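Colleague: I have not looked at this one before. Could you walk me through it slowly?

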Amino acid sequence: MVLITKGNFAILAGLQISFGDIFMLLAAISFSVYAVVQKIPKGMTHVEYLFLMIFVGLVALLPFYLTDMFLGNSLSVNLTTLFYILYLGIFSSFVAFYLWNRSIGIIGSMQTGVAYYLLPVFVFLIDYIAFRTKLNNLIVSSFLLIFGGVIIIHFTRHEKRTN
């Protein structure tokens with residue numbers, strides 16, 4: 001919140017929230033719940049569980065895809081869209097969720113969930129590399145708050161580790 005409001009919380013009072021903002025907030029909340037409560041069923045490997053999640057996700061998205069097709073919206077596949085689909089399908093979905101689930105198996109859901117809070121740090125690093133964004137006091141103070149929270153969680157949360 002400090003980073004988004006640039007340290008001025010009065011900005012929140014004049015904030016105009018769109019449907020997309022609410023949708024992203026719900027997505028973040030649902031992912032945080034997923035990260036904390038997720039348990040891989042006994043007797044199922046991480047890869048099997050990942051494929052089960054992919055199957056459930058595809059089934060859940062199928063009605064939306066079919067509705068889009070019925071309304072006449074079609075996807076024009078060219079080299080650029082194919083690249084994006086492969087990137088999102090392989091790295092942002094398959095590899096990321098495999099590593100996420102594996103981390104949960106090794107260090108537990110609470111410790112793995114802490115990685116979620118580091119997203120602004122990684123986004124800044126990508127922004128710095130791609131666009132040479134300057135580091136300023138606001139970013140440094142935000143990162144200190146993030147790292148402080150991660151350290152507090154790391155040293156105060158203890159859960160049984162399962163392999």
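**A first walk through the chain**

Colleague: How much of the chain counts as buried?

Modeller: Of its 163 residues, 15% count as buried, where buried means under 20% relative accessible area, exposed means over 50%, and partly exposed lies in between, with a 1.4 Å probe and protein chains only. Please keep in mind that this is a predicted model, in which local features need pLDDT of at least 70, side-chain atom pairs count only at pLDDT 80 or more, and totals for chains, interfaces and linings use all residues. Residues are numbered from 1 along each chain as its sequence is written, and side-chain values use heavy atoms, with hydrogens and water left out.

Colleague: Which secondary structure does the chain have?

Modeller: The chain has seven helices and zero strands, counted as DSSP runs numbered from the N terminus, with H or I over at least four residues for helices and E over at least two for strands.

Colleague: And is the chain spread out or a compact globule?

Modeller: The chain is more spread out than a compact globule, because its radius of gyration is 19 Å, well over the 15 Å that the globule rule gives for 163 residues; the radius is taken over C-alpha atoms, and the rule is 2.2 Å times the number of residues to the power 0.38. Along its principal axes, the C-alpha trace spans about 50 × 45 × 30 Å.

Colleague: What share of the contacts comes from residues 24 or more positions apart?

Modeller: Such residues account for 70% of the contacts with a separation of 6 or more, a contact being heavy atoms within 4.5 Å.

Colleague: Changing topic, where is threonine 112 found?

Modeller: Threonine 112 is in helix α5, residues 109-113, and is buried, with a relative accessible area of 4%. Leaving aside residues up to four places away in sequence, threonine 112 touches Trp100, Ser103, Ile104 and Ile107.

Colleague: What does the side chain of threonine 112 reach at 3.3 Å?

Modeller: At that distance the side chain of threonine 112 reaches the backbone oxygen of serine 103, and at 3.4 Å the backbone nitrogen of isoleucine 104.

Colleague: Now lysine 39: buried or exposed?

Modeller: Lysine 39 counts as exposed, at 57% relative accessibility, and lies in the loop between α2 (19-37) and α3 (46-70).

Colleague: Which residues does lysine 39 touch?

Modeller: Not counting residues up to four places away in sequence, lysine 39 touches Tyr49 and Ser109. Tyrosine 65 is 26 residues from lysine 39 along the chain, and their C-alpha atoms are separated by 29 Å.

Note on methods. Polar contact = N/O pair within 3.5 Å; in protein donor to acceptor, adjacent residues only side chain to side chain.
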